[in-house]
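Subject: Structure for you to look at

Hello,

Please find the structure below. My notes on its side-chain contacts follow it.

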Amino acid sequence: QLVELGGGLVQAGGSLRLSCVASGRTFKEYSLAWFRQAPGKEREFVAAMGRDGFTDYKNSVKGRFTISRDNAKKTVYLQMNSLSPEDTAVYYCASKSSGLPTADVSRYDYWGQGTQVTVSS
């Protein structure tokens, strides 16, 4: 089970940090990712992190967003800086129990319920 926290309303140029708390004994073995879905659009990859610390990002968020994890707290974070209205979406965390992290939405086993991020201009 994954539970996201930290969404909300922020002005353009502002920052938010999303958290996703997981249950399960083998969290440290998981690959983790953040996706987002804007109204009328498909769910898209944002960032991913492997169990070894490898990270990958959507090009448009590189340098602005940072994914990180705390295995002791079974939590994955997404620090979002320099937000723009184009970042407005429902953000989802996802996990996969085996294999490398990927941008392919179909490869993830578990999903959170999503948290709304709204960036005003």
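Is K58 buried, partly exposed or exposed? K58 is partly exposed, because its relative accessible area is 24%; buried means under 20% relative accessible area, exposed over 50%, and partly exposed in between (1.4 Å probe, protein chains only).

Two points on where the values come from. This is a predicted model, in which local features need pLDDT of at least 70 and side-chain atom pairs count only at pLDDT 80 or more, while totals for chains, interfaces and linings use all residues. Residues are numbered from 1 along each chain as its sequence is written, and side-chain values use heavy atoms, with hydrogens and water left out.

Salt bridges

Side chains of opposite charge can pair when their charged atoms come close. A salt bridge here is a side-chain nitrogen of Lys or Arg within 4 Å of a carboxyl oxygen of Asp or Glu. The count is six salt bridges. One of them joins E44 to K58, at 3.4 Å from N to O. E44 lies in strand 5 (residues 44–49) and K58 in the loop between strand 6 (55–57) and strand 7 (65–70), so this pair ties together parts that are 14 residues apart in sequence. Strands (E, at least two residues) are DSSP runs, numbered from the N terminus.

E44 also meets R36 in a salt bridge, at 2.6 Å from N to O. E44 is partly exposed at 27% relative accessibility, whereas R36 is buried at 6%. R36 has a salt bridge with D87 as well, at 3.0 Å. D87 sits in the loop between strand 8 (75–80) and strand 9 (89–96) and R36 in strand 4, so the pair ties together parts 51 residues apart in sequence. D87 is buried, at 1%. R36, E44, K58, R64 and D87 are linked in a network of salt bridges.

Aromatic rings

Rings of Phe, Tyr and Trp (its six-membered ring) pair if their centres lie within 6.5 Å; planes under 30 degrees apart count as stacked, over 60 as edge-to-face and the rest as tilted. By this rule there are six aromatic pairs. F27 and Y30 form an edge-to-face pair, 5.9 Å centre to centre with 65° between the planes. F27 is buried at 2% relative accessibility, and Y30 is buried at 12%.

F35 and W111 form a tilted pair, at 5.1 Å and 55°. F35, F45, Y92, Y108 and W111 form one aromatic cluster.

Regards

Technical notes:
Helix = DSSP H or I, 4+ residues; strand = E, 2+ residues; numbered from the N terminus.
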